[in-house]
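Hello,

Here is the structure I promised to pass on to you. Have a look at it first, and then read on for what I found.

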Amino acid sequence: MKDHEYDIPDDCQYTDSDEWVRVDGAIVRVGITDYAQSELNDIVFVELPERGRQLEKGEAFGVVESVKAVSDLLAPLAGEITEVHGGLSEHPEWLNEDPYGRGWIIALTPEDLEALDGLMSAAEYRAHVKARAGK
Amino acid sequence: MSGAGAPLARTPLFSRHVAAGAKLVPFAGWEMPVSYTSILDEHRHVRASAGLFDVSHMGELRVRGPGALELAQELFTNDVSAAPVGRVRYGMLCLPDGGVVDDVTLYRTGPEEVLFCVNASNVAADRDWFHETRARTKSRAEIADESEATGLLALQGPAALGIVAKLRPAGAPVPKLWHFEATRLADVPVLLSRTGYTGEDGYEIFAEAPRIGALWDLLREAGGTALVPVGLGARDTLRTEAAYALYGHELDRAHDPLEAGLARFVALERPFCGAAALRARAAAGPTRRLVGLVLEGRQVARPGTRIATDRGDGIVTSGTFGPTVDRSIALGYVPAGLATGAHLHVDVRGKLLPCQLVETPFYRRKRPLGKGR
C-alpha cells in the first residue's frame, strides 16, 4: 500500500468515524476529514439535516454519498444544530476540495463543551488513520 | 479491510499502479486500482480524450481443434458461424434453463479455434462449465485456460485510435468495430480488438503477460497528456452510463438474457445450451425486465435498492452518479408492462425518492458522419 499523506490540522479534534470538530467561540463546526473524503472518493451528494435539530452524541445527522459509497455523518457531540452549510447541496465537491474549510457541514451549540475532551487530538487521529491504512 | 481469506492476486502491472499512486481495492479476488486520482476526473478524461485500463484480471479460455466450433456453438448464445476469422461477438453462456453462467466476448481466431474473454469472477466456473459441456456433448475439442499467461489492456476514448496509430506502421489498416487483428504495437505482439466497455470508441488489447508492462509503458508514452490511467471506479461509471451489463449485477444464474434486454445477442433460431428454455420464455413473454432509471435528485440508488411500482416491487442492480449525464442513474429489474416514461420510486434508506423509467443507454457517443458501424 502506498503511504498516503493526509491533512490532519492541529486546531481540530476528531472522532473515530472520521468527523472533525473545530471550536469557534461558543459553537463548534463539524465536517469530515481529509482521510474520509479520500476514502469516499468523489462526493456527489450530501443529505443535510434541519437547523434547530437536537443531536445525541453518535447520532446520524446526515449522509454523504460518493460515486462508490455512502456514509452516515455521526454527531461528534450532543447539541443543537445552529447552522447548516446549504451551499453543499449545489457543491458537494467542496467536501473533497477543502474538507476543513469550505467543506464544513454543520455548526453545533454543544450541550457541554467539556465533552470535547472525549475526542481525539490531531496526533491521536493521525495514529488512528495510520493503524487502519496499515491493515 | 479485505478481511480473511485467500491472498489477493496481482496483475503484472501492480507495481506500476502503486508507483502511479493508485488506490487499490479487492475485486473478484484481485488487488486492483479503483482510481489513480479521482473517479470523476478519470471518467471525464475517457469521454473527452482517452483512458488506459488494466483489465488483466479478466480470463481467457481458448477452444480449438476438431469439434471446436461445434462446442463453441453449444456454449454460446450468439451465432459463431456468423463470425468469420477476425470477428468478435458478444454473447452469453447459458444453463439449460436459460440462466446465465457468464457473459463473454468470443474471438474467432481461426477456422477451428475461438478465444473467449470471460469475467474475472467466473474464470473457474466457466472453465468447469466448458469441460462439463465438452463431456456431455462428447466433444474432442481442446480447452485451454490462458488467463494467467495473458494480459489485457483497454484503451478507450476518442483519442484512442490516434494513440495506437503512433505505434503502428503508417497506413496500417484500422480494425473495424467488432473486428480484431493479430499484429504488433511497436515490437509487442498483440491481439488488437476494436471493442470496449465504456461507450467510447477504442481498443481492447491482449498481450502475453510478460509483455503487458512494456505495452502499458509504450501506450502511456504515445498517449502523453491525452491519456490517463483509469481505475475500476470509472470503468463502472462509464459502463453504467452506457448501460452495459455487469455479471453479478444485471446477470446471474437466476436471470436470463431476454429479460436482461440482450435478445439481440441470442440466436434463438439455432440450437445451443438453454435455447429451448429461452424459446419457451420468449413465447410466454417475460415477467420482469431490466430497465434504466433516472432519479430526480442526486442521491444514489445502490444495488439492492427496492423499486416501488404500481405493478409490484423491483430491485436495483447497479446505481451510481453518472458523471457525463450529470444525473443519478440506475439499472434494475421491474415487473413487465411498465412503459418508458413511467414515474416510479426507489426506496433509499427508507425514503421513497421519485425516478423515471428511461430508454437506455443513458449516454451514447456521437459518431462522426460517414463512420457508421
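The contact between the two chains draws on 17 residues of chain B and eleven residues of chain A, where two residues are in contact if their C-beta atoms, placed from the backbone, lie within 7 Å. On the chain B side, the elements that supply two or more residues are β2 (30–35), α2 (39–48), α7 (232–241) and β16 (312–322). Helices here are DSSP runs of H or I with at least four residues, strands are runs of E with at least two, and both are numbered from the N terminus. By class, that side of chain B has eight nonpolar, seven polar and two charged residues. For these classes, Ala, Val, Leu, Ile, Met, Phe, Trp, Tyr, Cys and Pro count as nonpolar, Asp, Glu, Lys and Arg as charged, and the others, Gly among them, as polar.

Please keep in mind that this is a predicted model: local features need pLDDT of at least 70 and side-chain atom pairs count only at pLDDT 80 or more, while totals for chains, interfaces and linings use all residues. Residues are numbered from 1 along each chain as its sequence is written, and chains are lettered from A and ligands numbered from 1 in the order in which they are written.

Now to chain A. Its secondary structure comes to four helices and nine strands, in the order β-β-β-α-β-β-β-β-β-α-α-β-α along the sequence. The radius of gyration of chain A is 14 Å, close to the 14 Å from the globule rule for 135 residues, so chain A is as compact as a globular protein of that length. (The radius is taken over C-alpha atoms, and the rule is 2.2 Å times the number of residues to the power 0.38.) The C-alpha trace of chain A spans about 40 × 35 × 20 Å along its principal axes. Of its 135 residues, 40% count as buried, meaning that 20 or more other C-beta atoms lie within 10 Å of the residue's own; exposed means 12 or fewer, and partly exposed is in between.

A:Arg53 counts as partly exposed because it has 15 C-beta neighbours inside 10 Å. From A:Arg53 to A:Val64 is eleven residues in sequence and 18 Å in space, C-alpha to C-alpha.

Chain B has eight helices and 19 strands. Its C-alpha trace spans about 60 × 55 × 50 Å along the principal axes, and buried residues make up 47% of its 373 residues. The domain assignment gives domain 1 (14–55 + 149–241), domain 2 (59–145) and domain 3 (287–358); such bounds come from an automatic or database assignment. In chain B, the C-alpha centres of domain 1 and domain 2 lie 25 Å apart. Their contact takes nine residues from domain 1 and eight residues from domain 2.

Finally, the cores. A nonpolar core is a set of buried Ala, Val, Leu, Ile, Met, Phe, Trp, Tyr and Cys residues joined through C-beta atoms within 7 Å. The largest has 128 residues, and B:Ala72, B:Leu106, B:Leu153 and B:Leu155 touch the most other members. Leaving out residues up to four places away in sequence, B:Leu106 touches residues including B:Ala72, B:Phe76, B:Val114 and B:Phe116. A second, separate core of seven residues includes B:Ala22, B:Met32, B:Val34 and B:Leu232.

Best wishes
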